[in-house]
Amino acid sequence: MKKIVFYIVLSSIMSSIITIAGYKKYTKETKEELNNTTYPLSLAQTKLISSSPSSPSSPSSPSSHSSHSSPTLVRPTVYPDFTKVVEKTIHAVVNVKNYSRRYNNQFDPFDFFFGFPDDFGYKEKKPKRNDIPGLHGSGVIISPDGYIVTNNHVIKDAEKIEITLNDQRTYKADLIGTDSSTDIALLKISDKNLPFIYFSDSNKVKVGEWVLAIGNPFDLNSTVTAGIISAKNRSLGILKGEAQSAIESFFQTDAAVNPGNSGGALVNTNGELIGINTAISSSSGNFIGYSFAAPSNLVAKVIQDIKNYGTVQRAYLGIRGMDLSKTEHLKDYNKEANQSIKPQQGFLIGEVFDKSGASDAGLRKGDIIKSIDGITIQNIADLSFIVGTKHPGDKIKVNIIRNGYKKTFNVTLKDLQGRKKIRNRDEIGLSELLGIKVEPLSKESKRYFGIDCGIRIIEIKTGRLSSIGMEEGDIILLINGKKIKKANDIDRVLKKYSGDVTIKFIKQNGQVYIAGFEMN
């Protein structure tokens, strides 16, 4: 009987030892498997295992000396999967080649303009003239019939614009219009059923969300990088020299963007367009941490105006002032105005222009704008963005602080000429649509060139005429075979005209050229 009991006890002990040893081995193998395995996003569940007391990752504590440790929660490594987003969008991002004799052919012109302005300690490099054509940038197809949005600086001074799709099909692009205030341009290629990207509401974009930058850096087609929105409403001062009233309210991201990405797409994880990549923060011209994109709501407003009216219908509040987050400027203002305004969110009005919407509504110098239409105004970028998405005649509600008291004003916005309505194509002069200002030709000039007609271009912007090689000082002689003697003659010949346009003009050196473009 005693022997039977002895064997039963011995058997129990041996069984326990085997069970404990097997459990420890299973635990060790399970932990090693978890450490060496990456789970896809769809399998990102947690797994509960028991830690052995000898595990180096186990925290040192009195309980660690016991035979059984407390359970430890281990989460597998997970990474977001962007493959479906890329498949949905990459074919709608194109390579834009600018044939111009004004720059060299290595990078897009913003390669020299990516750095911060001089007050950030970086001096801009200026593009050097070079007779080798071929600047590269990016663009985004936004409709199946071939409309493409890009940056104005990508196609500036182009004599010819060439588009290459992701499948290597090549097209000659027509320049529909540009806006230097936002650095946006609209192109068109002739084809149908093209891949395109839908616009998303950029007002819903949040700091911290994933984004993809798609473009052609260094002429490397169809490059995709990922990052997050690291800030919103950035004003960099990079467009100050390009336009009288620059509108800067960029998304800041850490997605890698380099020269050649300009004009490319910034998309969200649904594959929707939330911005157009425009600039990077760099003292070398290459990516070192941050890039900037124009928000899609502003881009959409600009290109719709260009398509519908031929030019951007810009509204103005009619004020000048300062960002209250700029402490050094505020200190100077307080000293000059004998006030004691503290740094805060908002925009301080320093001047109200006569007969402007702000003046008509009763806004005054010294008012602090705190919000517009319920949207908080933190800085000048917020203000310029909101007003930049409006048209002349639009009404906005402006909340201010005046002498410590809150007040609300209803403001009707106007354009620079004081008009409260959108001008249709019939009300816009053809000279404005073509991007030129002209003057009559003097008798001496006519005698010198041996001509009896002509008008001289005294100012030209990026547009249809600059794209065919015309410059300031050129003399327009004939349009579609009709003599041009004054500015109104352009309207007489081209008003309500669509189709191919032929222009005969004289360069300042006396050479005569004939060139053409398409009028839609």
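Helix α7 (residues 380–388) is largely enclosed by the rest of the structure, because eight of its nine residues are buried. Buried here means under 20% relative accessible area, exposed means over 50%, and partly exposed lies in between (1.4 Å probe, protein chains only). Helices (H or I, at least four residues) and strands (E, at least two) are DSSP runs, numbered from the N terminus. The model is predicted: local features need pLDDT of at least 70, side-chain atom pairs count only at pLDDT 80 or more, and totals for chains, interfaces and linings use all residues. Residues are numbered from 1 along each chain as its sequence is written, and side-chain values use heavy atoms, with hydrogens and water left out.

The buried residues of α7 are Ala381, Asp382, Leu383, Ser384, Phe385, Ile386, Val387 and Gly388. Asparagine 379 caps the N-terminal end of α7. A side-chain oxygen of asparagine 379 lies 3.1 Å from the backbone nitrogen of alanine 381. A polar contact is a pair of N or O atoms within 3.5 Å; within protein, one must be able to donate a hydrogen and the other to accept it, and residues adjacent in sequence count only if both atoms are side-chain atoms.

Strand β18 (residues 368–372) is also largely enclosed by the rest of the structure, since four of its five residues are buried. Two strands pair if DSSP finds at least two bridges between them. β18 pairs with strand β20 (residues 395–402) in the antiparallel sense over four bridges. Isoleucine 369 has isoleucine 400 of β20 as its bridge partner. Strand β19 (residues 375–376) pairs with β18 over two bridges, again antiparallel. Two residues lie between the strands in the hairpin of β18 and β19, where aspartate 373 takes a positive phi near 55°.

Strand β17 (residues 347–352) pairs with β18 in the antiparallel sense over two bridges. Leucine 348 of β17 stands opposite isoleucine 368 in β18. At 1% relative accessibility, leucine 348 is buried. Its C-alpha atom is separated by 9.7 Å from that of isoleucine 319, which is 29 residues apart along the chain.

Seven strands form an open antiparallel sheet in the order β7-β6-β3-β4-β5-β9-β8. Its edge strands, β7 (170–172) and β8 (174–179), each pair on one side only. Neighbouring strands of this sheet are turned by 30° against each other on average, direction ignored. Within the sheet, β4 (residues 135–141) and β5 (residues 147–151) pair over two bridges. Valine 149 in β5 is the bridge partner of valine 140.

Most residues other than glycine have a negative phi. Aspartate 183 has a positive phi of about 60°. Aspartate 183 is found in the loop between β8 and β9 (184–188) and is buried, with a relative accessible area of 4%. Asparagine 480 also has a positive phi, near 50°. Asparagine 480 is found in the loop between β24 (475–479) and β25 (482–483), and counts as partly exposed at 28% relative accessibility.

A search of the whole structure finds one cavity of 30 Å³ or more. On a 1 Å grid over the protein atoms alone, a cavity is a set of points where a 1.4 Å probe fits but cannot get out; lining residues have an atom within 4 Å of a point. The lining residues of the largest cavity are Thr182, Ile247, Glu248, Ser249, Phe250, Ala294, Pro295 and Leu298.

Methods
1 Å grid on protein atoms, 1.4 Å probe; cavity = no way out; pocket = protein on both sides within 12 Å on 5 of 7 lines; lining within 4 Å. Points joined across faces, edges and corners; volume = space filled by probe spheres on them. Axes fitted to C-alpha atoms, helices over the stretch in contact; angles between N-to-C directions.
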